[in-house]
Amino acid sequence: MNDYSLRILYILNLEDMTGYGLSRKLYNSATGKNISNGALIPVLNRLLSDNFIDFSVRNGKKYYHLTEKGKKFVGNVLDLNEEVRDQAIFDAIDREFPYINVFTDVEDYTLLKNIIKDIGHPIIEIIRQAFYLGKKNDQEGIELIKNMMDELLERAKERNVRNNK
């Protein structure tokens with residue numbers, strides 16, 4: 001399965017879409033332009049023949065949507081993505097604190113990994129939302145997120161100080 005196939009499946013997981021709508025969403029990094037119909041149609045035909053997608057006609061337009069097989073495949077990819085993301089966060093912690101597993105006991109290291117697993121997704125989601133705000137040039141929104149994160153960090157530090165007394 002190629003990059004366009006995965007991207008099409010992901011987009012259709014979010015909403016049904018026409019071929020034209022898909023072509024507007026898909027960017028070709030080689031040309032710097034949106035995907036051409038000549039590149040899109042064969043991918044759609046392949047996904048149709050492999051039973052990952054189907055279509056229905058509404059108002060004279062062909063709308064593509066995921067089949068059950070397509071939904072299951074996308075779900076598996078998203079689950080795998082979550083596992084890869086969690087592992088990337090663990091790897092980053094290990095690089096940042098290379099001896100953490102040596103200088104802490106097993107329970108502390110396990111606790112750290114569980115905390116990362118619990119807060120990793122919300123942190124990634126905050127970054128995603130900040131990215132969307134950045135794409136819309138919403139500096140006020142980005143500043144709001146930054147201030148909220150600074151406030152949360154300050155509150156966590158204060159709580160640590162109180163708990164260590």
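Mentor: Start with a charge and a ring: the charged end of Lys 69 sits over the ring of Phe 52, 4.7 Å from its centre. Keep in mind that the model is predicted.

Trainee: What makes the charged end of Lys 69 count as sitting over the ring of Phe 52?

Mentor: The NZ of a Lys has to be within 6 Å of the ring centre and within 35 degrees of the ring normal. For Lys 69 and Phe 52 the distance is 4.7 Å. Another case is Lys 62, whose charged end lies over the ring of Phe 55 at 4.4 Å from the centre.

Trainee: Why is the pair of Phe 131 and Tyr 132 called tilted?

Mentor: A search of the whole structure gives three aromatic pairs. In the pair of Phe 131 and Tyr 132, the ring centres are 6.0 Å apart and the planes stand at 55°, so the pair is tilted. Stacked would need planes under 30 degrees apart, and edge-to-face over 60.

Trainee: Why is Tyr 132 called partly exposed?

Mentor: Its relative accessibility is 40%. Buried means under 20% and exposed over 50%, so a value in between is partly exposed.

Trainee: And is Thr 18 buried or exposed?

Mentor: Thr 18 is buried, because its relative accessible area is 17% and the limit is 20%. Thr 18 belongs to strand 1 (residues 17–18). Beyond its sequence neighbours within four places, Thr 18 is in contact with Lys 61, Lys 62, Tyr 63 and Tyr 64.

Trainee: How do you know that strand 1 pairs with strand 5?

Mentor: Pairing needs at least two bridges, and strand 1 and strand 5 are joined by two, in the antiparallel sense. Met 17 stands opposite Tyr 64 in strand 5.

Trainee: What makes strand 1 and strand 4 edge strands?

Mentor: The open sheet has three strands in the order 1-5-4, with antiparallel pairing. Strand 1 and strand 4 (53–58) each have a single partner strand, so one side of each lacks a neighbour in the sheet.

Trainee: Which residues have the most contacts inside the largest nonpolar core?

Mentor: They are Ile 8, Leu 12, Leu 22 and Ile 53, in a core of 18 residues. Helix 1 (3–14), helix 3 (37–49) and strand 5 (61–66) each supply at least two of its residues, and helix 1 gives the most, with five.

Trainee: What is Leu 22 in contact with, leaving aside neighbours within four places in sequence?

Mentor: Leu 22 is in contact with Ile 8, Ile 11, Leu 12, Met 17, Leu 40, Leu 44 and Tyr 64.

Terms used
Residues are numbered from 1 along each chain as its sequence is written. This is a predicted model: local features need pLDDT of at least 70, side-chain atom pairs count only at pLDDT 80 or more; totals for chains, interfaces and linings use all residues. Side-chain values use heavy atoms; hydrogens and water are left out. A nonpolar core is a set of buried Ala, Val, Leu, Ile, Met, Phe, Trp, Tyr and Cys residues joined through side-chain atoms within 4.5 Å. Buried means under 20% relative accessible area, exposed over 50%, partly exposed in between (1.4 Å probe, protein chains only). Helices (H or I, at least four residues) and strands (E, at least two) are DSSP runs, numbered from the N terminus. Contact means heavy atoms within 4.5 Å. Rings of Phe, Tyr and Trp (its six-membered ring) pair if their centres lie within 6.5 Å; planes under 30 degrees apart count as stacked, over 60 as edge-to-face and the rest as tilted.
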